[in-house]
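Good morning, colleagues. Please take a moment to look at the sequence and the structure on the screen before I continue.

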Amino acid sequence: MFGSIGMPELVIIMVIALIIFGPRKLPELGRSLGKSIGEFRRASNELKSTLEEEIRVEEQKEQRAKLEAEQESAVEAANPAAAAPSPVATPAPTEEPTISRTNTGTSA
């Protein structure tokens, strides 16, 4: 849209700024503009480093959770009795009283 600003455009901008603000005010405006740009760059770099730090911390948390899950699965695989749920105890069947039949008759 605007394209790049070349040397002739910069000269025209400087002449217009000199006419509008005057020779006394122009250096002061340049310094304040330079300070503003410097602070903006510092804030941008600080934001960028903060975001990178947060991303790094999240990646470490994910790696730690993955490692813990792998360790738990390895422990469960090594000890299947502890990992398997204990079976539910069923009551023993009750025995009905047995009737003994005795031979009361005479044997032939």
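I begin with the pairing of Arg-56 and Glu-53, which form a salt bridge with their closest N and O atoms 2.4 Å apart. Please bear in mind that this is a predicted model. A search through the whole structure finds one salt bridge.

Why are these two residues placed to meet? Arg-56 and Glu-53 are three residues apart in helix H1, which covers residues 7-78, so about one helical turn separates them.

Let me turn to the charges on the surface. Glu-54, Glu-58, Glu-59 and Glu-62 gather there in a patch of negative charge. One of these residues, Glu-58, has its place in helix H1. Is Glu-58 buried, partly exposed or exposed? With a relative accessible area of 40%, Glu-58 is partly exposed.

Another residue of helix H1 is Ser-49. Which backbone oxygen does the side chain of Ser-49 reach? The side chain of Ser-49 reaches the backbone oxygen of Glu-46, at 2.9 Å. The cut-off for a polar contact is 3.5 Å between N or O atoms. Ser-49 counts as partly exposed, with 39% relative accessibility.

I move now to the nonpolar side of the surface. Which residues form a nonpolar patch there? The patch is made of Ile-5, Met-7, Leu-10, Val-11, Ile-13, Val-15 and Ile-19, and together these residues have about 700 Å² of accessible area. Val-15, one of the members, is found in helix H1. At 43% relative accessibility, Val-15 is partly exposed.

Met-14 also lies in helix H1. Here the relative accessible area is 51%, and Met-14 is therefore classed as exposed, the threshold for that class being over 50%. Between Met-14 and Leu-26 there are 9.4 Å in space, from C-alpha to C-alpha, and the two residues are 12 apart in sequence.

How many helices and strands does the secondary structure of the protein chain come to? The protein chain has two helices and zero strands. The chain has 108 residues, of which 2% count as buried; the term applies to residues under 20% relative accessible area. The accessible surface of the protein chain comes to about 10800 Å², and carbon and sulfur atoms account for 61% of that surface.

Thank you for your attention.

Definitions and conventions:
Residues are numbered from 1 along each chain as its sequence is written. This is a predicted model: local features need pLDDT of at least 70, side-chain atom pairs count only at pLDDT 80 or more; totals for chains, interfaces and linings use all residues. Side-chain values use heavy atoms; hydrogens and water are left out. A salt bridge is a side-chain nitrogen of Lys or Arg within 4 Å of a carboxyl oxygen of Asp or Glu. Helices (H or I, at least four residues) and strands (E, at least two) are DSSP runs, numbered from the N terminus. Patches are made of residues with over 30% relative accessible area and no salt bridge: like charges are joined within 9 Å, nonpolar side chains (Val, Leu, Ile, Met, Phe, Trp, Tyr) within 5 Å. Accessible areas come from the Shrake-Rupley method with a 1.4 Å probe; for residues, only the protein chains shown count as cover. Buried means under 20% relative accessible area, exposed over 50%, partly exposed in between (1.4 Å probe, protein chains only). Lys and Arg count as positive and Asp and Glu as negative; His and the chain ends are not counted. The place of a charge is taken as NZ of Lys, CZ of Arg, CG of Asp or CD of Glu. A polar contact is a pair of N or O atoms within 3.5 Å; within protein, one must be able to donate a hydrogen and the other to accept it, and residues adjacent in sequence count only if both atoms are side-chain atoms.
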